[in-house]
Amino acid sequence: MSLKNISRRQLLATAGSFGLISIAGCATQQEAAAPAPAAPAPAAPAVPAGVSMDALPPLEGSLTMYSGRKESLVGELFVMIQDKYPKFDLDIRYDKSTALANQIRVEGKNTPADVFYTVSTGALGLLKNEGMTVPVNADVISAGREGYLDPEGHWIGTSGRLRCIAYNTNEVDASIIPKSIFDLPKVEALKDKMGWAPTYGSHADFITCMRYLHGKEKTLQWLKDMKAAGVKTYAKESNVTEAILAGEIHAGPVNHYYPMRVKNDPTGHSYGSGSHIELAFTENDAGAFMNVAGATIIKNPRQNYALASNFIRHLLSTEAQNFFIGNMKFEYPMIPGLEADPRLPKLSEQKTPEVDLVKFASQDINETVALQEEAGVL
Ligand SMILES: [Fe+2]
């Protein structure tokens, strides 16, 4: 943790304590002397949410980022940031989230990674648990969405994604998609007609969520049941979506934005287009988990933590958040006051399970890998 970081966080904590003391003091005075003075308005956060990059300190210096999000999806945003800041040099290495998290663990303090950007809260939590992350500054925490970040600042959710079951509407009637994820392998009409991508970071998080919410035994049984139901394995959830569109399979658990992109893009998409794909949601179980893509600062002796923190702050800027929710990206924003694409299911209407993302992120994702291996699905 940097000294700057400690002092800013402590300042914030101290300000909070003063607030409590003064309110308590008021209450005592109120008992003695009426009328009560109006309570002071709560202080605005140091940096309000929805701030443009223009209002943030400029980025200057060099950062290496390991990105578990694909260049074809997010590369444009980083090109935009590079173009905006000529004195900022961003070196990005793209790979799968799980591979990059393991690479950082193996590299230890010699890792060139300054920032890790990933689709997997589980991977972020893993690195925090192993003491390999450094908290962001308080301004980043106050800019993000409560409940979708580590309150200690070791990881920050930058955009939201829902788990869903995508299905081909030419092949499947909506009524056969169950409301419980545990009933999915029991649907006779979907036998040998489902697909998934078990090595994808978001899928791994979905299985971790199932362990966390429903226990190891039930999760293991579900994995075995899906295997017995003939689920086909794909490398990526975009491939699962493509196979659903092609009719090769009829349904599969994926992140919501894959079917949303093909369903809503009349000009086509790199992996197909068509209106014959729909999204169904299970209720109050891991099948409807709301997860985040997020970022963390990696502890290494060479890096400039203030720059890394300001870079992550830029991911919560108005421009970056609009990038994630717009242009057919369809993610959920992580700053207050910005609405998701109106074609998306409203979060308030979804029966997402209650998941404490901080506790969730502290789950050991290696146990998820072990469980998938035990079930024979990896
Ligand atoms: Fe994805």
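Does N284 count as buried, partly exposed or exposed? N284 has 15 C-beta neighbours inside 10 Å and therefore counts as partly exposed. A residue is termed buried if 20 or more other C-beta atoms lie within 10 Å of its own, exposed if 12 or fewer, and partly exposed in between, with C-beta atoms placed from the backbone.

This is a predicted model, in which local features need pLDDT of at least 70 and side-chain atom pairs count only at pLDDT 80 or more, while totals for chains, interfaces and linings use all residues. Residues are numbered from 1 along each chain as its sequence is written.

**Overall make-up**

- The protein has 13 helices and ten strands; helices (H or I, at least four residues) and strands (E, at least two) are DSSP runs, numbered from the N terminus.
- Of its 378 residues, 44% count as buried.
- Among contacts with a separation of 6 or more, 79% join residues 24 or more positions apart; two residues are in contact if their C-beta atoms, placed from the backbone, lie within 7 Å.

**The nonpolar core**

- The largest nonpolar core has 90 residues, of which I104, V115, F116, A166, I244, A251 and I312 touch the most other members.
- Domain 1 (53-160 + 290-349) and domain 2 (163-289 + 368-374) both give residues to this core, so it lies between them.
- A nonpolar core is a set of buried Ala, Val, Leu, Ile, Met, Phe, Trp, Tyr and Cys residues joined through C-beta atoms within 7 Å, and the domain bounds come from an automatic or database domain assignment.
- Beyond residues up to four places away in sequence, V115 touches L63, M65, A295, I297, I298, A308, F311 and I312.

**Helix α3**

- In helix α3 (residues 97-107), the buried residues are S97, T98, L100, A101 and I104.
- Viewed down the axis of α3, these buried residues fall within an arc of 165 degrees, so they line one face of the helix; the arc is that of the directions from the helix axis to the C-beta atoms.
- Their packing partners are β1 (61-67), β3 (115-118), α4 (121-129), α6 (201-214) and β10 (290-298).

**Packing of helix α6**

- The axes of α6 and helix α13 (residues 365-374) are 9 Å apart, at an angle of about 95 degrees.
- That angle makes α6 roughly perpendicular to α13.
- A204, I207, T208 and R211 of α6 make this contact with I365, E367, T368, L371 and Q372 of α13.
- The axes of α6 and helix α7 (residues 216-228) come within 7 Å and cross at roughly 135 degrees, and the two helices are therefore oblique to each other.
- Axes are lines fitted to C-alpha atoms, for helices over the stretch in contact, and angles run from 0 to 180 degrees between N-to-C directions.
- Angles under 35 degrees count as roughly parallel, over 145 as roughly antiparallel, 65 to 115 as roughly perpendicular and the rest as oblique.

**Individual residues**

- N284 lies in the loop between β9 (277-280) and β10, and its phi is near 55 degrees, a positive value in a residue other than glycine.
- S159 lies in strand β5 (residues 156-168) and counts as buried because it has 28 C-beta neighbours inside 10 Å.
- S159 and E331 are 172 residues apart in sequence, yet 6.0 Å apart in space, C-alpha to C-alpha.
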